[in-house]
Each structure stands twice: as structure tokens, then as C-alpha cells.
Amino acid sequence: MRTCLPRGGIFCLAQAPQRVHDHAAGPRAGVRVRFSVASGCLCDQYRKGIISGSICQDLCNLHKVEWRACLSSVPGWQVYSGLWQGKEVTIKCGIEEGLNSKARSDAAPRQELVLFDKPTRGTSIKEFREMTLSFLKANLGDLPSLPALVGRVLLMADFNKDSRVSLAEAKSVWALLQRNEFLLLLSLQEDHASRLLGSCGDLYVTEGVPHGSWHGAALPPLLRPLLPSALHTALQQWLGPAWPWRAKIAIGLLEFVEELFHGAYGTFYMCETTLANVGYTAKYDFKMADLQQVAPEAAVRRFLRGRHCEHSADCTYGRDCRAPCDKLMRQCKGDLIQPNLAKVCELLRDYLLPGAPADLREELGKQLRTCTTLSGLASQVEAHHSLVLSHLKTLLWKKISNTKYS
């Protein structure tokens, strides 16, 4: 079921969302968000000088951004396909607090995000720099590379390129930083994620949605778990790319895992590892279809620290970032049971083994089995994981190098 608001204008909250439990549907039916929609709210704030952005003029005055299909299936997260400057784009705007919302479903009631309230009038650029650095430390960890990231944020905040950051520009980039995916787009290289093209307030535009690798993703969410594994494999072979192209996509995915572990701005975890999130370009270069489910290590550890548990299922961030439960202390431990690489290798067994060349299948299966048994313990991670990942990439690359698929 799509959850986008009606098109035809720019939308944001006219009032804070209120959580309403649907008792008739049962406790697990989900918490609905009731909200009042004000057409043109974002552009109204732009015209009043409250917010700014590189695409505000095209969006609000020149009407050069074309809204197309709704792509969102998550309440509170608006995603549309669109057209801007002759390019297919994706338009994104959250209407609820972005960071850690999935992990905090059973935590204390959260305060709803009040957009564009920070920084306040009178804040100096030095104070805004320190404010941004503190925010990044809280969300990414205390890393020596963060001052460079603060510099990138301030450079981006100067939307009109006049070598100064206005209050409206500062408010807009601060609101954007609250969005988990936007923070990740700044923190990760553009090679494996859709490129950020522009923004207005807390709305931002990226390159169009990449091709999907999982052809069951077109099914309604409730039917996806019912898809038999044999049918899933058959769909992959019949409708998916040829095996050498799949190998190229897989190499890109492994490089993405490498970046998550050795990134310039800390370590990140994939907390919903499904083929639905594995995309690729027209040239079969890997692109992560959805960064919403990728979380900074600092955020995951903060969620787990001191958390009460009875079973390891109680120590789950997102969908599958799970830590052991210390049953004596009844508290979650810090290390995840399964690292990114082990979860990705489980995906690749279904993605690569069907249709693999006969002279490669046995060795590929062996390496993928080894990979899926990797532990998330810190003592194993550094050397062993790097070695396994390197062997897999080399094995695949040797098979497709010096061919049209490379």
C-alpha cells in the first residue's frame, strides 16, 4: 500500500503528527500517523525567508520539478519519482523524525521533530559549526575526520554560493541532517549510492531510483514472505540480469560493504539486508536502492547500551542488526551476532549460485559458505573479514575480467 500524500503541491505538516492506535486492528497493526496536510507549506516558508535550498526557486517559483509516481510504503516518509532538468529523479521528504525511528518503536515516547527551529536568530557561524560538530559526534562517533565533514556541511549550506551562510540556509541544512539517509549520503562516497542533486528545506532530490535486483519486490509487502525460495530463484534467473552482470553487481555490493567498514566517517551497519535494497545502473554498476536501513555504529551501540533483554531478539536494531543477550546481566552486549559481510554473503548465495559457470560453482559456494559463518566479534572483524572479502572479489573479478562484462 502506498502512503504518499496527494500530489499537486508541496506538502509538509501543518501540525505535529499524533500517534493513534487502531485497537480494532489489534496491537500489531501498527501505529497510524494522523496529520493535517497544508498544500504549499514548504514553499510558503521559502517565500517568507524561513528556509532556503538549491532547488527552491525551481520548485516553488518556476515549477520546473515534475512530481510523478508515489514510491513510498512507509508512513511518515514521502518518496516520489519525478523529473527535473530533463533527468529522472527521486524526491524525498520526511514528515516524522528520521533518525532511529525503526529502532525506537518500543522505547519511551519520542519528541516529534520540530523542523526549522534551529539554529535560532543570533547564532554565529562559529556556534553553528560547533553545533554541527556536536551533532555529528553524537551520531557518527568521536572521529578525527569529523571537522572535514563539518566543512562539507557548511559548504553545502551556502546554497546560493555567496560565501556566507544565512539563517535560512543554516535552518535548512540542519533539518536535512536530521534525516538518516541524508546524513549517510554526506558520509559515504557517491559510487554506491544515488547522487544528491539538490534540496529545499528538508526536501531533497537524488538521482532516479536504480533498477531493482529482486523481482519479488514488485509484490505487495504482505505477499513477499510467501514467495517460495524455488520461485524466487527462478524469477532471478528468468527476469534478472545475465550471470556475469550479476557478478559485476555483486562486486559493487562487496565494495560497498568494504566502505561501510573502512569509511572515512566511521563504521556503518546494514540493518535490513534484502535484495530489495540492491540496485544497479544501466551499466550494471551497483547502487544501494535504500540507505534508510543503514545505521552508524555509534547509533546502534547507543541503542544497545544497557538495554534490558530476555533473549537476543530483544537486542535488535532495525530488522536484522542483532546483538547477543547476556542472560545473567539481562543486558544486551555490544557486538552484533552477524556482521554486514556475513549477511550480504547469505544474499549472494541465492543471487550468484543459480546459473553460475560450472567451473566456478563449487569454489564460489565454498567461499560463500565460509563467509556466512563470520562472527561480528571485534576480534574477528579486522583481518579475517578483509581476507574473505578480498578472496570473493578476486574470484568473481577473474571470471568476468577481460570480457564485455567488465
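Tutor: Strands of a sheet pair through backbone hydrogen bonds, either parallel or antiparallel. In this predicted model, E7 and strand E9 (residues 203-207) run antiparallel and are joined by four bridges. Within that pairing, threonine 90 stands opposite threonine 206 in E9.

Student: In which sense do strand E6 and E7 pair, and over how many bridges?

Tutor: Strand E6 (residues 77-84) pairs with E7 in the antiparallel sense, over eight bridges. Tryptophan 77, for instance, has glycine 94 in E7 as its bridge partner. The hairpin of E6 and E7 has two residues between the strands, and glutamine 85 takes a positive phi near 55° there.

Student: How many of the eight residues of strand E7 are buried?

Tutor: Strand E7 (residues 87-94) has six of its eight residues buried, and is thus mostly covered. For the protein as a whole, buried residues make up 48% of the 406 residues.

Student: In what order do the five strands of the open sheet lie?

Tutor: The order is E5-E6-E7-E9-E8, with antiparallel pairing. E5 and strand E8 (196-200) are the edge strands, each pairing on one side only. On average, neighbouring strands of this sheet are turned by 30° against each other, direction ignored.

Student: How many bridges link E8 and E9, and which helix packs on the sheet?

Tutor: E8 and E9 pair over four bridges in the antiparallel sense. Cysteine 200 has leucine 203 in E9 as its bridge partner. Helix H6 (residues 180-187) packs on the sheet and touches E6, E7, E8 and E9. The direction of H6 makes about 50° with that of E9.

Student: May we turn to helix packing? At roughly what angle do the axes of helix H3 and helix H4 cross?

Tutor: Two packed helices are described by the angle between their axes and the distance between the axes. The axes of helix H3 (residues 125-140) and helix H4 (residues 146-157) come within 10 Å and cross at roughly 125°. H3 and H4 are therefore oblique to each other. The crossing in which H3 passes H4 is right-handed.

Student: Which residues of H3 and H4 meet?

Tutor: From H3 the contact involves Ile125, Phe128, Arg129, Thr132, Leu133, Leu136, Lys137 and Leu140, and from H4 it involves Leu146, Pro147, Leu149, Val150, Val153 and Leu154. Sorted by class, the contact of H3 with H4 has eleven nonpolar, one polar and two charged residues.

Student: Let us finish with the backbone in loops. Which two residues does a cis peptide bond join?

Tutor: Lysine 118 and proline 119 are joined by a cis peptide bond, with omega about -5°. Proline 119 is found in the loop between E7 and H3.

Student: What is phi of histidine 63, and is this residue buried or exposed?

Tutor: Histidine 63, a residue other than glycine, has a positive phi near 50°. The loop between helix H2 (56-61) and strand E5 (66-70) holds histidine 63. Histidine 63 is exposed, and its relative accessible area is 59%.

Student: Where is arginine 330 found, and what is its phi?

Tutor: Arginine 330 is found in the loop between strand E17 (325-326) and strand E18 (331-332). Its phi is near 55°, again a positive value in a residue other than glycine. Arginine 330 is partly exposed, with a relative accessible area of 45%.

Methods:
Residues are numbered from 1 along each chain as its sequence is written. This is a predicted model: local features need pLDDT of at least 70, side-chain atom pairs count only at pLDDT 80 or more; totals for chains, interfaces and linings use all residues. Side-chain values use heavy atoms; hydrogens and water are left out. Axes are lines fitted to C-alpha atoms, for helices over the stretch in contact, and angles run from 0 to 180 degrees between N-to-C directions. Angles under 35 degrees count as roughly parallel, over 145 as roughly antiparallel, 65 to 115 as roughly perpendicular and the rest as oblique. A crossing is left-handed if the near helix is turned anticlockwise from the far one by less than a right angle, and right-handed if clockwise. Contact means heavy atoms within 4.5 Å. Ala, Val, Leu, Ile, Met, Phe, Trp, Tyr, Cys and Pro count as nonpolar, Asp, Glu, Lys and Arg as charged, and the others, Gly among them, as polar. Buried means under 20% relative accessible area, exposed over 50%, partly exposed in between (1.4 Å probe, protein chains only). Two strands pair if DSSP finds at least two bridges between them.
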